[in-house]
Amino acid sequence: MFADTTANTFKKIRTLKNLFIMTTNKLPEEDLTLLQTEKGNICISIIVPAHRLSPERRADRPEVKRAIEKAGQLLQYKYSKKETEPLLKAMDELYKTIDFTHNPDGFGFYVSPNIKLLVQFPFLVEEKVMVGDSFELRDLLYKANYADPYYVLLLTEKGGRLFEGRWDSLFEIKDNNFPMAYKDDYAYAKPVRSSSYAGYSHVKDFEKDKSEMEAIRLRDFFRKLDKTLDNYLLRNHPLIIFGVEKELSLFNGVSSHTKNIIDKIAGSHNYDSEKQLSDLAWPAMRTHLENDWKKLVKEFEEKIGEGLGVSGIQDIWNVTQEGKAFKLLVEKDYRTPGFLADNEYHLYLRPPMKPHKVLADAVDDLIETVLEKNGYVYFVDNGTLKKHHRIALITRY
């Protein structure tokens with residue numbers, strides 16, 4: 001999952017000089033690293049919900065424009081005209097790249113003197129307009145939790161097509177293996193009626209034999225196709241299969257990848273577009289990922305009895321500073337301010353009666369520390385960790 005790769009990429013901090021990024025869907029982990037390096041500069045983060053369907057989609061254009069204007073007002077209030085002009089221009093340029101006829105569930109604008117980035121979110125987001133000295137990365141981190149690749153296999157009587165998926169997008173694989181065509185070139189000799197008394201019994205037997213032979217040959221083809229999947233499912237990637245009941249049954253009977261199959265979607269989808277297929281496949285993949293996160297919560301609760309489970313942000317803060325953080329589980333929208341005084345291992349949730357530093361969101365600071373110390377971060381739905389004070393940690397020892 002995301003946290004594994006990001007913990008490593010945070011070590012690859014690069015100097016940014018006149019670097020501009022523009023993207024609309026894919027977010028490499030390195031982009032998160034680059035955004036993190038902008039800390040200390042003017043950073044604009046705009047998160048806006050959107051709608052995939054009409055007529056709700058019609059309101060998205062003015063809502064996005066309004067959010068950008070709000071960010072512009074905050075900029076002009078806090079900074080000089082010389083500083084704000086190029087940033088306002090960058091936001092406007094990003095806005096003009098949006099195709100509002102094909103909306104995701106949300107948009108993210110990330111603009112600084114060195115970066116301009118537009119991100120599409122395949123899940124519901126809450127509106128946020130923030131201008132400060134660092135980017136608001138929570139939704140990007142959450143998106144990265146959904147970044148595990150998966151495959152979609154479309155089975156038909158004519159062969160098989162394979163698609164690689166990431167988030168709610170599918171891309172058909174076209175190489176030396178796929179699409180794989182099935183050719184039933186076996187010659188079936190039609191029976192001849194032996195006599196008028198025999199009627200059509202021979203014909204019916206022939207049709208039965210032909211049907212059985214076709215099933216055998218199709219099964220052999222699916223066995224070959226399944227073997228070819230070895231080249232793509234190298235890391236036990238999830239697999240979603242489309243096909244009519246007959247093809248699904250035949251393939252399942254010969255496949256050596258049944259453990260990879262997370263869903264089978266029955267029906268004729270031969271002429272569906274990639275968008276139509278992804279609209280059916282992505283909910284299945286998303287459910288699969290969220291079930292994995294639920295297993296992590298169960299794992300955490302089992303670790304409590306072993307003395308390796310900690311809950312509550314103050315206790316987690318302490319053990320994280322000690323380098324014990326292994327897997328951090330956080331509710332998606334959990335935020336809380338914090339305060340540090342003379343002991344950086346102790347996090348106050350109320351201002352102490354001595355000189356102190358204010359943390360606008362102690363949860364974000366904690367997440368950053370866990371990643372820097374090669375830990376893992378997983379986001380779960382709000383309410384999942386209610387009895388654990390909305391945040392939980394599995395420690396290394």
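## Close-up views of a predicted model

**View 1. Strand 1 and its two partners.** Six of the seven residues of strand 1 (residues 43-49) are buried, so this strand is largely enclosed by the rest of the structure. Buried here means under 20% relative accessible area, exposed means over 50%, and partly exposed lies in between (1.4 Å probe, protein chains only). Helices (H or I, at least four residues) and strands (E, at least two) are DSSP runs, numbered from the N terminus. This is a predicted model, in which local features need pLDDT of at least 70 and side-chain atom pairs count only at pLDDT 80 or more, while totals for chains, interfaces and linings use all residues. Residues are numbered from 1 along each chain as its sequence is written, and side-chain values use heavy atoms, with hydrogens and water left out. Strand 1 runs antiparallel to strand 2 (residues 106-111), joined by six bridges, and isoleucine 46 has phenylalanine 109 of strand 2 as its bridge partner. Strand 1 also pairs with strand 4 (residues 128-132), again in the antiparallel sense, over five bridges; here isoleucine 44 stands opposite valine 131. Two strands count as paired if DSSP finds at least two bridges between them.

**View 2. Helix 5, residue by residue.** Eight of the eight residues of helix 5 (residues 138-145) are buried, so the rest of the structure largely encloses this helix. Among them are Arg138, Asp139 and Lys143, along with Leu140, Leu141 and Tyr142.

**View 3. Helix 8 and its bend.** Helix 8 has 31 residues, which at 1.5 Å a residue should span 45 Å; its end C-alpha atoms are 44 Å apart, which agrees. The expected span is 1.5 Å times one less than the number of residues. At alanine 281 helix 8 bends by about 30 degrees, and proline 283 follows within four residues. That bend is the angle between axes fitted to the seven residues ending at a residue and the seven starting there. The buried residues of helix 8 include Ala281, Trp282, Glu290, Trp293 and Phe300.

**View 4. The nonpolar cores and leucine 328.** The largest nonpolar core has 67 residues, and Tyr110, Ile240 and Leu328 have the most contacts inside it. Its largest share, 10 residues, comes from helix 8 (residues 274-304). Apart from this core lies another, of 23 residues, including Ile46, Val48, Ala50 and Ile68. A nonpolar core is a set of buried Ala, Val, Leu, Ile, Met, Phe, Trp, Tyr and Cys residues joined through side-chain atoms within 4.5 Å. Leaving aside neighbours within four places in sequence, leucine 328 is in contact with residues including Ile316, Leu366, Tyr376 and Ile391. Contact means heavy atoms within 4.5 Å.

View 5. Threonine 336 sits in the loop between strand 12 (325-331) and strand 13, and is buried, with a relative accessible area of 15%. Not counting residues up to four places away in sequence, threonine 336 touches Ile313, Ala360, Asp361, Ala362 and Val363. Methionine 353 belongs to the loop between strand 13 (338-340) and strand 14 (357-359), and counts as exposed at 86% relative accessibility. Methionine 353 and alanine 341 are 12 residues apart in sequence, with their C-alpha atoms 9.4 Å apart.

**View 6. The protein as a whole.**
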